[in-house]
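Thanks for coming, everyone. Have a look at it while I talk.

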Amino acid sequence: MATTEIPLSKIENRETTRVVTLTVNGVRHSVETTTRTTLADFLREELRLTGTHIGCAHGVCGACTVMMDGQSIRSCLMFSVQAHGHDILTVEGLSKEGELSPLQACFRAHHALQCGYCTPGFLITLTDFLSHNPDPTEEEVRQALTGNLCRCTGYTNIIEAALDAAKRMRTNSEAAA
Amino acid sequence: MKNRFVGAPVERVEDLRLITGKGRFTGDLRPDGSWTAHFLRSPYAHARWSKLDASSAKAMPGVHAVFSFDDLPAYLRDKPFPLLVPNPAIRQPLTFTTLANHEACYAGEPVAVIVADSRDIAEDAAELIFVDYEVLRVANDCRDAAKPDAPPAHLSSKDNVGAVMTFNIGDADKAIAEAPHKLHDSYFQHRGCGHAMEGRAVLAMHDPLNDRLSIWSAAQAPYMVRTVIGAMLRLDDTKLRVVAPDVGGGFGPKGIVYHEEVVVAWLAMALNHSVTWSEDRHEQSTATCQERDEYAEADVAFDDDGRVLAVKVLVIQDTGAYMPFGIITEWVGATTLPGPYVLPNYRMDMTIALTNKVPCSPLRGNGRPQAVFVMERLMDRIAQYLGKDRTAVRELNMIKPEQMPYKVGLTGRDNSPVTYDSGDYPGCQRMAVDQADYSTFEERQQQARKEGRYLGIGIGNVVEATGLGPHEGATVRVLSSGKIGVFTGAAAQGQGHATVLTQVAADAFGTEIDQIEVFAADTALFPNGVGTFASRVAVNAGSSVHNASAKLRDLVLQMAADQMGIPSEEIAIMPGKVKVKDEALVRIGEGKPIEIPLSQLLLMSNGVPGYTASGQGNPGLSATDYFRPTQATYSNATHVVELEVDVETGLVQLLRYIVGHDCGRVLNPLIVCGQIQGGVAHGIGNALYEYMDYDEHAQPQTNTLEEYLLPGVLDVPKVEIVQMESPTPLNPLGIKGAGESGTIPAAAAIISAIENALQPFDIKISRCPLQAEHIVEMIARSKVRSQEESLVKA
Amino acid sequence: MTSAPFSYHDPASIPEALRLLEKLEDAKPLAGGQSLVPYLVFRMQRHRHLIDLNNIPELSYCATEGGLLRIGAMTRQRTLLESKLIIDVCPILQDALHLIGHQATRTRGTIGGSLCNMDPSAELFGVAALHNATLRVRSSRGEREIEVKDWAETFMKPSMVKDEMLCDVTWKLWPEGHGHAFQEFSKRHHDYAIVASGALMTHDGDGKIGQVSLMVIGLSIKPTRLTEAEEMLNGKAPTAELFAKAAKTVREHELFPDEFAGQGYPRRFVSSQFRRHLGEVYARRVMEAAWQRAVGQKTGRPD
């Protein structure tokens with residue numbers, strides 16, 4: 001977003017609100033918000049997309065992970081104004097027309113979630129990872145998940161779900177080809 | 001009834017909403033226009049003040065109110081929270097006050113509350129509140145705090161002794177005096193924080209038309225929340241509804257009732273506006289209960305074979321600045337110490353010291369990890385002393401299956417004698433040890449040492465009391481849709497209770513999984529529940545659901561029999577209806593139905609005009625059962641872990657982790673294995689990473705997730721689980737709890753393995769967590785020692 | 001945990017950003033945000049103005065020219081990690097990037113942000129030091145170059161003046177086939193580094209070390225180049241004893257000044273003695289690994 005030259009006198013005013021226009025899960029939104037509102041809070045509070053969770057607000061736990069322009073990011077470490085003009089995908093956008101993505105289906109099949117709080121972050125991280133690594137080893141899946149904390153599951157089933165999902169997606173794309 | 005679902009790896013009913021982002025966690029529930037509460041917390045571990053000036057804060061746009069203790073109504077000021085679990089051993093039953101009354105006793109204690117349009121405005125306002133804190137002396141390390149001349153954690157206390165307890169079997173002093181062998185050892189343990197991924201959260205709304213206060217809380221025990229809020233706000237339970245919606249992990253700390261719940265509830269009433277509060281990660285370290293330091297001095301006496309004759313332990317434990325859950329953690333620990341072993345003489349003397357730190361509550365394992373650590377380290381010491389194998393010494397001491405039921409000789413936290421009901425401890429240990437290829441380990445270890453690598457193997461055993469009372473109940477009834485509703489108090493924070501109860505109900509009633517709907521953790525829907533802690537839900541709620549579902553089945557069949565005019569044995573229950581079994585079709589009389597939808601049967605039972613009501617039972621197809629366990633039921637596990645220690649860096653790599661497990665009848669193997677895997681992850685944290693640090697002023701130091709280290713994906717191996725089932729005779733399903741045995745002996749087994757790996761350095765390890773730096777230090781000291789020894793010899 | 005209020009500016013060009021930096025009081029550039037935003041939400045820092053650099057594409061590039069590698073300050077860590085160019089010409093940067101943060105933080109995190117934040121355990125600072133990098137800063141008044149050894153003014157503060165901004169970092173590439181290794185110690189797998197070490201080494205074709213560059217981070221406020229160790233190794237035939245002796249020189253280097261030793265994770269929880277010990281251990285390990293690579297043996301990815 002380009003700003004034209006603004007006179008310095010105007011810059012000194014506290015420019016603390018902006019209109020943020022962005023696409024979330026394919027839907028365009030235009031909302032005025034304070035500049036200090038993080039993307040995580042914006043999604044949850046302004047757009048009422050509460051599937052993205054805030055676990056720590058300092059970028060460590062990964063629960064807030066969403067996709068921006070096809071890559072996973074920490075929504076708690078971005079201000080929503082920075083997402084202006086960009087394309088966001090949240091957990092609510094993973095299932096198309098009510099049908100679960102292969103990754104979501106595998107999470108259920110493999111008991112890869114217990115309380116479910118960290119799950120959206122894992123799903124997005126893996127969606128990013130698998131889109132760039134369709135045939136990963138178990139070690140590669142583990143390395144991809146270092147930035148997501150889970151206190152319930154002990155991770156094993158999440159890894160198995162990811163590997164199974166990768167397999168299912170490869171089978172689907174081979175069948176489609 | 002043949003079981004189709006109980007015992008099967010049924011996919012969870014909770015998952016669909018959670019994987020699509022449609023979970024309903026407390027922080028997600030935000031009525032339009034609700035206000036946000038934020039707490040100003042004491043920055044000091046111990047401080048008092050006379051003046052609190054919030055005038056600037058109140059004047060800030062977007063701020064609706066600021067309250068501190070003096071602003072509260074008299075009924076909130078004149079009493080602290082009720083002590084939920086009293087015990088005569090408690091000398092200073094200190095419970096929370098609604099807000100701190102001019103004295104804060106831990107850094108993080110709530111001093112004032114700000115209500116604003118949003119959290120960021122409330123935080124801006126909090127910065128403008130002036131408090132003339134006078135910093136006071138602190139009670140810090142619990143050993144110092146327990147001394148008579150220590151600075152008091154509370155100004156009004158003459159000392160910091162919160163409780164003193166003694167547990168006794170036989171005569172330990174005499175047995176130790178007369179024993180052929182004895183050893184002494186000292187232990188330090190620290191459990192740390194729960195750090196569930198979801199912080200605590202509360203939403204309160206007052207409905208003036210119905211004169212009812214509704215509260216949603218990320219709580220493990222909504223009924224306890226109702227009790228405390230009802231007591232503090234003087235509200236009868238008809239005026240109060242507490243719901244625990246989706247909760248993102250509990251692990252113990254969310255089982256306490258906190259200031260924030262009472263304050264937010266009161267705010268909703270006082271301001272006549274919905275108010276919400278969510279905890280941030282910093283508050284999780286400084287304002288949410290945790291388990292912390294324990295120091296133990298232990299003596300063990302044994303004979304030439306390694307048979308334990310007596311154990312005597314002196315414990316000082318840190319309980320923090322208040323005792324919200326009394327002394328449950330410590331009691332549980334003390335009564336868990338004997339474990340699977342015959343212990344003819346035992347004495348535990350515990351002093352529970354108040355300190356100026358966050359109060360302690362149960363945390364996954366609840367005192368048992370500490371007890372198991374002591375006993376298991378002593379077992380290792382005996383084996384080392386006698387030059388015997390560690391598993392052999394343990395097996396020698398184990399209670400044999402033929403000795404069940406086995407009276408340990410202690411009184412449990414539920415006030416009943418600790419009696420192990422069932423279990424094959426030697427068999428379970430053998431199963432785990434075999435799975436771990438223990439017999440060939442020494443070869444692997446020798447080979448590795450030739451390559452300059454240090455492998456170790458360790459073992460730990462636990463017997464865990466589960467399924468504690470007082471009760472859990474369920475009402476199972478036919479809903480107007482024709483589905484079966486299960487109403488229960490059992491709250492869930494990820495354990496899959498709804499799924500397990502669905503399986504139990506489906507089997508006991510005789511229908512499909514998708515015909516069952518579970519309504520849990522809502523005091524309005526089921527008034528007499530208790531909550532989730534201590535691995536009690538599967539047993540208690542499961543049993544009551546089973547009983548109630550079976551009763552409902554009989555009621556439904558009887559009503560159908562009356563309507564169809566044939567015996568109930570000739571009628572089948574099918575999804576949504578009852579139907580004559582094929583063979584009996586011919587015997588159905590003129591004008592009698594061959595099938596009736598359950599929704600219609602329900603109407604009939606309620607006496608709809610035109611239908612003859614059955615003379616049997618009460619109107620409405622409903623059955624209620626409360627399962628009151630006569631005592632706890634005991635599950636058991638053996639952990640065996642093989643690992644490698646990098647002696648240059650102190651880093652530990654877990655190579656294999658085996659759990660041999662017996663939780664009686666397994667209701668859902670997916671869920672039980674998930675609990676074990678998750679529990680082990682927590683135990684790994686306790687062994688190697690998790691430490692809630694306080695400085696010399698009792699100021700919390702590890703307040704972010706970069707400083708407080710939770711196990712990540714690379715730190716937790718896949719646990720190999722081998723199971724056996726010793727069904728308990730104590731409940732109709734034969735089940736035992738499974739939530740904590742993944743955690744309880746983990747630290748003991750891991751430390752045992754590290755010590756085994758470092759055998760060439762002749763190092764004894766008596767602490768957890770054990771971090772890389774400790775290991776390197778111990779190795780360095782041992783090298784100095786052996787140099788000195790060789791100098792002396794020379 | 002929310003940030004204090006600030007005025008937000010999103011310049012679309014470098015001159016615009018510089019003008020804002022010059023004219024505004026208490027203005028902080030916002031790069032990837034992975035370090036800055038936590039400070040803001042903890043309210044450990046607050047600024048009247050944030051200048052978002054993320055809409056200035058001219059600050060993001062990665063190219064070689066005449067044997068030099070030049071990387072724009074806003075180049076994302078993820079971009080560098082996925083860059084075929086980097087794998088080819090500067091593999092140690094790849095080694096280090098694998099250890100930095102996690103997938104999601106590398107998507108936004110930038111090399112410039114890391115160099116300006118100057119966490120004492122910042123891997124990228126260490127890689128720059130290994131290469132004797134030059135950092136180019138600009139202001140409305142012009143531009144200047146700062147050698148990496150002069151980059152640190154004090155604890156977590158680079159030697160730029162208020163109106164200056166880092167534009168890029170440049171260093172000379174090592175010859176094709178050079179040996180490289182980067183390893184770090186963290187308490188938990190894949191955590192923030194406590195101590196890390198990097199080594200670059202060439203083989204002179206005759207069983208001896210040609211060129212060598214060694215550094216350790218986490219001992220002091222900036223990376224420690226092990227110059228005495230480098231002198232010891234230059235032109236020598238390596239042996240285990242030689243590497244061990246060279247690694248011992250870590251003990252001679254200064255540790256954190258006391259006033260900073262207590263600040264920030266992870267220094268508070270690890271004694272300086274242990275950090276020094278780790279520095280020696282990892283320095284030796286990366287020397288060994290770099291040499292093996294230099295002579296063409298595979299060592300596998302260090303962790």
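Let's start with one pair: the side chains of A:R18 and C:D10 form a salt bridge, with 3.0 Å from N to O. By salt bridge I mean a side-chain nitrogen of Lys or Arg within 4 Å of a carboxyl oxygen of Asp or Glu.

Some housekeeping before we go on. This is a predicted model, where local features need pLDDT of at least 70 and side-chain atom pairs count only at pLDDT 80 or more, while totals for chains, interfaces and linings use all residues. Residues are numbered from 1 along each chain as its sequence is written, chains are lettered from A and ligands numbered from 1 in the order in which they are written, and side-chain values use heavy atoms, with hydrogens and water left out.

Okay, back to chains A and C. The count of salt bridges between chain C and chain A is 2. There are also 12 residue pairs in polar contact across that interface, both residues being at pLDDT 80 or more. A polar contact is a pair of N or O atoms within 3.5 Å; within protein, one has to be able to donate a hydrogen and the other to accept it, and residues adjacent in sequence count only if both atoms are side-chain atoms.

Which elements of chain C give two or more residues to the side that touches chain A? They are β1 (7-9), α1 (14-23), α2 (36-41), β3 (49-52) and α6 (103-108) of chain C. Those labels come from DSSP runs, numbered from the N terminus: helices are H or I with at least four residues, strands are E with at least two. The most comes from α6(C), with 5 residues. By class, that side of chain C has 16 nonpolar, 14 polar and 11 charged residues. Here Ala, Val, Leu, Ile, Met, Phe, Trp, Tyr, Cys and Pro count as nonpolar, Asp, Glu, Lys and Arg as charged, and the others, Gly among them, as polar.

Overall, 41 residues from chain C and 40 residues from chain A take part in the contact, where contact means heavy atoms within 4.5 Å. The area buried between these two chains is about 3,500 Å², and carbon and sulfur atoms give 51% of it. Buried area is the accessible area (1.4 Å probe) that two parts lose on being put together, summed over both. On the chain C side, C:Y8, C:Q103 and C:R108 lose the most area to chain A, together 17% of what that side buries.

Now for the other partner of chain A. Between chain B and chain A, about 4,000 Å² is buried, with 56% from carbon and sulfur atoms. In chain B, the residues that lose the most area to chain A are B:I19, B:M197 and B:V713, together 20% of what that side buries. How many salt bridges are there between chain B and chain A? The count is 7. One of the salt bridges links A:R44 with B:D28, and their closest N and O atoms are 2.9 Å apart. As for helices, α18(B) gives the most to the side of chain B that touches chain A, with 8 residues.

B:E755 sits in helix α19 (residues 746-757) of chain B. Is B:E755 buried or exposed? B:E755 counts as buried, because its relative accessibility is 5%; the rule says buried is under 20% relative accessible area, exposed over 50%, and partly exposed in between (1.4 Å probe, protein chains only). Its side chain makes a polar contact of 2.8 Å with the side chain of B:R377. A polar atom of the B:E755 side chain also lies 2.6 Å from the backbone nitrogen of B:I765.

In chain B, a cis peptide bond joins B:M404 and B:P405, with omega about -5°. That proline, B:P405, is in the loop between α12 (390-397) and β18 (406-411) of chain B. Over in chain C, C:M118 has a phi near 55°, a positive value in a residue other than glycine. C:M118 lies in the loop between α7 (111-117) and α8 (123-130) of chain C, and its relative accessible area is 0%, so C:M118 is buried.
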